[in-house]
Amino acid sequence: MEQDLVTEAGVRPVSRRAFIEGSLAVVGAAGLQLPLWAQPLGRPVLPLLFGVDYYPDHTPESLWEEDARMIADAGLTNVRIAEFAWGLMEPSEGKFEFGWLKKSCDILNKNKIAIILGTPSAAPPPWLSKKYPEIMEVDEKGQKLHTGGRRFTCPSNKTYRRLSVAIATEMAKNFSDTPGVIGWQIDNEMTLGSSRRCYCDYCQQGFQDWVRTKYGSLDKVNQAWGTVFWSQTYTDFSQIPVPLPSGGDPNPGLALDYDRYQSYANASFIEEQLAVLRKLCPKHFVTTNNVSLLDVIDLREHYAKLDFASLDNYPGFFDMLMRESKVEMPPDAISAMIAMSHDFARCIKRKPFMIMEEQSGKAGQKTFSPQPAPGQVRLWTYQAVAHGAMGVNYFRWDTATFGAEEYWHGMLNHDRSKSPAFEEMKQTVRELKGLGQELLYSEYPAEMALVFDYNSSWAVSIQPQHFALSYMNQVTAWYGSISPNHSGVDFVAPDGDWSAYKIVYAPLAHVITAAQAEKIKSYVQNGGVFVAGFRSGVKNESSQMVKTPLPGLLAELMGTTVEDYVPIYGAKQSVKFAGMLAGWAAECGLWADVLKPNGAEVLGTYTTGSYAGKPAITMNNVGKGKAVYVGADVTGEGLANLLGKFAGMAGVKQSLQAPRGVEVTVRRAGGKEWMFLLNNGAEATSVTVPGGFRDAVSGKAYSEKVELKGFDARVLLAG
Ligand code: GAL
C-alpha cells in the first residue's frame, strides 16, 4: 500500500515507503528500535485514521471484496479486525490458521485500507475454557463466571497469560510484514468486565506476591493496614485474603491495595503481549481500547507503555442506560460526560488519542437506543476531534445477523443496505480528512486542570461515608461547573506536572500523600490557585485516617482546619457567600465540612441548622498563590458560579460565551488556532464570535454571529 503520510506540521507529504526508509535509517543509526509511527520527527506520524470496525470473521468470504470496495468508496482509511476471532485463528491448541485473515488483509490492502489487528484475548474459544477451567474469573461474591459470553477470564492466571501470549505471538509472526497492517489493539476493553475485579485463587496468590514486593515484610503490612483490628494480624503472606464477603467489611487498607493490585494485574497482562509485539512488529503502533473514566483500572498505568490511548464512545447507548437507571439528568448531561471522557482520554498520555469505536446507529444488545438524529453522528465525531482525537473508527461495518450483538447497528443494515447515517459518516470523514493531519495532531490548550486520583476514587468507593457520595460524581459535577462550554480543562494526576496550569481543582482529594502535599504547597507558593473540595486530606495512602486536624497534610496550606464533618441526609443546607463571592447563596447537597479558619479568609458560611454562621469556604494567600477549601458540597448553578469565580481570579481566559449545551473548544498548531463550535441540542442557536473567522470546512467567512443548526458542528479559523 502506498498511502500518503503527512508530517505533524502538515507541510511535507511523504510516501509511506519513503517515510519507512528514511525513518528506519535514522533509527538504525541511533541503534534504536522504535515503532514506526513514533519516529524521528518527534511527533506521531500516521496515516489518517478514519475507519470502521470490521468483522470478516462474521461475513461470507464472497462478500469481502464488496465490503472492501464499499469501505474504500465511503472514504474510510482503516479497519480494526480480528479482536474476537481466537477460535478461527487457533481452532485447537497450538494449531494456527491465519489463511483466512491473510486473505482478508490482502483484499483490504488492495483497496488501500490500512489494518489494525486485534489480539483476541477478550474471547477465548470453548476448547480453551473446557481444557483449562481454572482461567475463569471469580466475581465479588466469590462466584465463578461461566463461558458463553466474553471477558470471563482472570488477569493473573498464568495459563491464561501463556495462551494469550502464544496467540499474540503467532499473530505477530504472521502479520509483521503483511502489507497494509499498521498497528495493533491488544485485547478489548479491560475496563468492562461484568465484575469489576477478579477474586480467584490465582489473583489471591498474585496479590500476596505483590504485597510481599511492595512492603518487604509482614510487619510493615500489618502496620500499614492496621490488622490488629478484628484480629487480622498476618503471620504468613499466604494468609492474606482478597476482599470477598466475610461477615463484615474488609480492611480498608487491604481493599485499597487490592484495587491497586488488580490494576497492576491488568496492565501487566497487556504488557506481556506488548513485549512480543514490540519485538516482532517494530514498525507497528500498539494501543488498546477502553471506556474512558471508569475507575476499574488505572488507565494511566494501563497505557504507560502503549503508543496512544484509544477510546470507545457510545453516547446514545449511554443515554439509554442512564434512562433505564432512572437517573435525573439535565439535558446536556450526556454531552458533558462524553466531553469529560474525551478530555480524560487525551490526558492519559497527554497526546492525541483515537476513538476505536464510535456509535454509528441504533446501539444496544438486548434493548437499543434510537437511531441518532440527523447530524448527531457527525456531531459526536467532531466532538471527539474537538477534544483531542486524531482519528475515529465507526462501530461497526455491517450489522451482525447472529450473536449477542444483533441489535448493535453498524454502517450497513441487516440486509446490507446503507444505514440512515451512512451518508452523514461519509461526509464527516470527507470533511475531517480535508482539515488534515495538522489539525488532527494539534495541541489542546488548557489553563485549568482537574485532578483525577484513582486512590481517592477507590478509597471513597470502599467507604463512601454517605450512601450517595461518589468520587466520580463529584469529579463530573466539578468538570461541568469549571467550564460550562467544556473547554480548556485538562485532567491531571495528583503527582503529575501542574506547571502549565493557572488553577488546579481537586474535588474530594481524599487520599493525600506527604509528597503530594509538598508538591501542592510549592505549586501554590509559585503562583498557582489550588481549590480542594470537602473531605480532602482525610486519609493516608494506606487508607488510614490522618491523626492531625483535617484537612490533614493540607491544613497548614489551607489556613483552616475542619471543626466537624457532617453527612447531610435530611433538609438541604444553604451557604451564603462573602468577600469576593458576596451577593449570592447556594445549596449544599450531601456534605458539610464545618471550618475553623486559622489565617484564611472566609468566603462562605452555612446559614441553617446547628452550624449556621460557621465557615463553609475559605481562601488562604500563600506565597504568590492561593489555596481554597470548599467545605460545602455546593450543587448546581451555585457550583458553576463558585468555581468560575476562582478561575477568573486565577486569570483564566474562558472561551467565548456560548449558550448552554454549546461546546467551544480550541486546538492549536504552528501558529494556527481552530475553534470548534458544537451544538449538542436539537434546537438551532447561534454564537457570537470576536472578530473575523473562516469556516475551515466550507471557507465561509463569519464576523459576528455564527448560526448553528440543531446538532451542528463547525470548525472556525481566525482571520
Ligand atoms: C464495545 C466493545 C465491542 C462491542 C461494542 C458494542 O464495548 O468493545 O466489542 O461489543 O461495544 O457492544
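Let us start with a charge and a ring: arginine 535 lies over the face of tyrosine 565, at 4.2 Å from the ring centre. A second case of this kind involves arginine 346, whose charged end sits over the ring of tyrosine 444, 3.6 Å from its centre. Keep in mind as you look around that this is a predicted model. The mean pLDDT of the protein chain is 92, and 94% of its residues reach 70 or more. Residues 1-44 are another matter, with a pLDDT below 50. In the model, that stretch has 82 contacts beyond near neighbours in sequence.

Now to the aromatic rings. A pair of aromatic rings is described by the distance of the centres and the angle of the planes. Searching the whole structure turns up 37 aromatic pairs. One of them joins tyrosine 55 and phenylalanine 395: the ring centres are 6.2 Å apart and the planes stand at 75 degrees, so this pair is edge-to-face. These two residues link distant parts of the chain, being 340 residues apart. Tyrosine 55 belongs to the loop between strand S3 (49-53) and helix H2 (64-73), while phenylalanine 395 belongs to strand S11 (residues 389-395). Both tyrosine 55 and phenylalanine 395 are buried.

Another edge-to-face pair is made by tryptophan 478 and tyrosine 505, with 6.2 Å from centre to centre and 80 degrees between the planes. Tryptophan 478 is in helix H16 (residues 471-482) and tyrosine 505 in strand S14 (residues 503-506), so the pair ties together parts that are 27 residues apart in sequence. Here too, tryptophan 478 and tyrosine 505 are buried. Elsewhere, rings gather in a group: one aromatic cluster includes Tyr199, Trp210, Trp225 and Tyr264.

For a closer look, take phenylalanine 646: leaving aside neighbours within four places in sequence, its contacts include Tyr505, Val531, Met580 and Val630.

The peptide bond from phenylalanine 395 to arginine 396 is cis, with omega near -10 degrees. Arginine 396 is in the loop between S11 and helix H14 (422-440). The bond from leucine 550 to proline 551 is also cis, with omega near 0 degrees, and proline 551 sits in the loop between strand S15 (529-533) and helix H18 (555-558).

Lysine 112 has a positive phi of about 60 degrees although it is not a glycine. You will find lysine 112 in the loop between helix H4 (99-110) and strand S5 (114-118). With a relative accessible area of 55%, lysine 112 is exposed. Arginine 151, not a glycine either, has a positive phi of about 50 degrees. Its place is the loop between helix H5 (126-131) and helix H6 (158-175), but arginine 151 is buried, with a relative accessible area of 11%.

Our last stop is proline 372, in the loop between strand S10 (353-359) and helix H13 (376-386). Its relative accessibility is 8%, so proline 372 counts as buried.

Definitions and conventions. Residues are numbered from 1 along each chain as its sequence is written. This is a predicted model: local features need pLDDT of at least 70, side-chain atom pairs count only at pLDDT 80 or more; totals for chains, interfaces and linings use all residues. Side-chain values use heavy atoms; hydrogens and water are left out. Rings of Phe, Tyr and Trp (its six-membered ring) pair if their centres lie within 6.5 Å; planes under 30 degrees apart count as stacked, over 60 as edge-to-face and the rest as tilted. Helices (H or I, at least four residues) and strands (E, at least two) are DSSP runs, numbered from the N terminus. Buried means under 20% relative accessible area, exposed over 50%, partly exposed in between (1.4 Å probe, protein chains only). A charge sits over a ring if NZ of Lys or CZ of Arg is within 6 Å of the ring centre and within 35 degrees of the ring normal. pLDDT is the predictor's confidence in each residue, from 0 to 100. Contact means heavy atoms within 4.5 Å.
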